[in-house]
Every structure is written in structure tokens, then in C-alpha cells.
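Colleague: Could we go through this model together?

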Amino acid sequence: MNKKIRIKRRVKLGTIGDYALFVGPTMLLFTLLFLIPLVSEIFYSFTNWNGIDPTFKFMGIKNYLRAVKDDTYWVSFWFTIKFSAFVVIISNLVGFAWAYVLSGDIPYKNFWRALIYAPRIIGGVVLGFLWRFIFQNVFVQFGQWSGISWFSQQWFTTPESSFWALVIVMTWSLSGYLMIIYNSGLAAISKDYYEAATVDGASKWTTLKSITIPLLKGTTTRCLFIAINWAMLLYDTNISLTNGNPYRTSEGVMMNIYATAFRSNQIAYGAAKSVLFIIVLLAVSFGQLKLTSRNEVSL
């Protein structure tokens, strides 16, 4: 009897050891890189710590009240929401269009997929500087040569042009990644549906509307979630492409938080802004998931 108990304990300890071996490193990194910083951020948001002095005082919700009254914070917040809305819609439409076209009988389709995906490999800061050169030199030269004033405008001197420059760059970078996800979703749809539609004499538009799009609802939900989070967390491309110019009108909320916390040495105030932004981001993300995951069609 004792021998059986010892064997069971050994098996149980071995199972726990396996879990610790495979899950332990991930949980350790998750705790060190996410949980501890998040708890620290929430804690310091109720203080007046400047990030330098070892001492600080508790301020209650004063930082949050100050953030609510901060006009520059809400200007950057509105800019981020408006920017995210355009990027999410356009990048998903472009990504789906590329995936749909390349799901057909296209020569060298893998080459075209790799070419369209390539912008995602380029880092955010490098991407911003690369496109800054394109906007200020290539586009201007092309506009002067072709006579199209839209290309030859001074891209970073007005709020509207800076906004659309960021939308163009983010869409160009994100749509290739979304294309890969949509392509996987299209590949998972059984060919039997399309064969039955062909037999019934359905047109391509009817097939797209009645078969492809309904069966891609799950994929669309994931793509929207990814696009919303990446667009709202924009920072590196923002700082390297527009740097908030002109007059901080193209400054995203992440840039505003960084400027408050590190450039002005107001870590606690920046933490309060960050917590407010996290709450909004979670609300938007979960709201989108709940809204778009309804009536998903199982394959």
C-alpha cells in the first residue's frame, strides 16, 4: 500500500515538474515583464513620484483628475481613435482583397505573398524614416513631374497631411500581415461549398457574399482585434515619421504618455494617463470581440 502511495506521489511530482519545465519560463517572463510593471504602474499612478527621487507622497486620484482636464492628452486620444478607425478598416479591406485575389489561380502566388508581407519585417522606426524620405523626396518629385498636387504637397506641415501619412504607412505595414491570416482562413473553407455554388449557377459576387464572407467571420474577428491593438499602440513609427508635428497635432496617445513620463519627469502622472488608456483599450478590444464573434459560422 505504501509502495503504491509512493509511486503515485512520484508520478504527481513528475507531472508538476513537467508543467514547471514547460510553463514555468513563460510564467516567469509574464510575471517579470507584464504583471510586476502593471502593478507598479497602477501603484505609482496614485503618487507624485518623478522617477528620480527615492521618496514620494500618495496623491490619491489627483493624477487622474489632472489627466481628465489635460487638453493635449485628449487631443492625442482623439487622434489615436480616429487614426485607428481608418487603419483598421482600410488595412482589413486591403488585406482581405490581397488574400482573395491570391487565393485564385495566380502565377507565382507565393512570391507575391512574400512581397506583400515584406513591409511587416521592417522595424517601426526604420519604417518611419524610410517613408519620411519617400514622402519628402519621391512623392514630391513624382508630383512635380506628373502635375498631381496631392503628391507634391509638404506632407508634415499640416495636421491633415501628417494624419494621412501615418495612415498610409501603417496600412502598408499591417495589410500584408492581415493578408496571411485571411489567406489561412480562405484555405480552411471546404471546396465543396464552391463546387455546390458553381453547380447552382451562383456568380462570383454571390459566392463571395453568401459563402466566403460568412465563413470568414472568425478570421475577421481575429484580424480586427490585431489591427485595433497595433493601431492604438502606435509609437515607434509615429515618432520617426511625424514626431507629433505640426505642433503635436499628429501625436498619438503613446507619444503623449512617453513625453509626460520621461521627457517631463512626471512618472506618476504619465502612469495615470497610461492606466486610463489601458482601460479604454481593454473596453474597445473586448467590445469588438463580443460584437464580431456573434453568429460565427463553424467550418
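Predicted model: local features only at pLDDT ≥ 70, side-chain atom pairs only at ≥ 80, totals over all residues.

Colleague: At roughly what angle do the axes of α10 and α13 cross?

Modeller: The axes of α10 (residues 217-232) and α13 (residues 267-292) cross at roughly 165° and come within 9 Å. Axes here are lines fitted to C-alpha atoms over the stretch in contact, with angles from 0 to 180 degrees between N-to-C directions. Helices are DSSP runs (H or I, at least four residues), numbered from the N terminus. The two helices are therefore roughly antiparallel (over 145 degrees).

Colleague: Which residues of α10 and α13 make the contact?

Modeller: From α10, Thr221, Leu224, Phe225, Ile228, Asn229 and Met232 take part; α13 supplies Phe277, Leu281, Val284, Ser285, Gln288, Leu289 and Thr292. Contact means heavy atoms within 4.5 Å.

Colleague: Changing topic, is Glu251 buried or exposed?

Modeller: Glu251 is buried, with a relative accessible area of 4% (buried means under 20%, with a 1.4 Å probe and protein chains only). Glu251 sits in the loop between α11 (236-241) and α12 (253-263).

Colleague: Which residue is joined to Glu251 by a side-chain polar contact of 3.0 Å?

Modeller: That residue is Arg248. The side chain of Asn256 also forms a polar contact with that of Glu251, at 3.1 Å. A polar contact is a pair of N or O atoms within 3.5 Å; within protein, one must be able to donate a hydrogen and the other to accept it, and residues adjacent in sequence count only if both atoms are side-chain atoms.

Key: Residues numbered from 1 in each chain as written. Heavy atoms only, no water. Parallel < 35°, antiparallel > 145°, perpendicular 65-115°, else oblique. Buried < 20%, exposed > 50% of the residue type's maximum accessible area, 1.4 Å probe, protein only.
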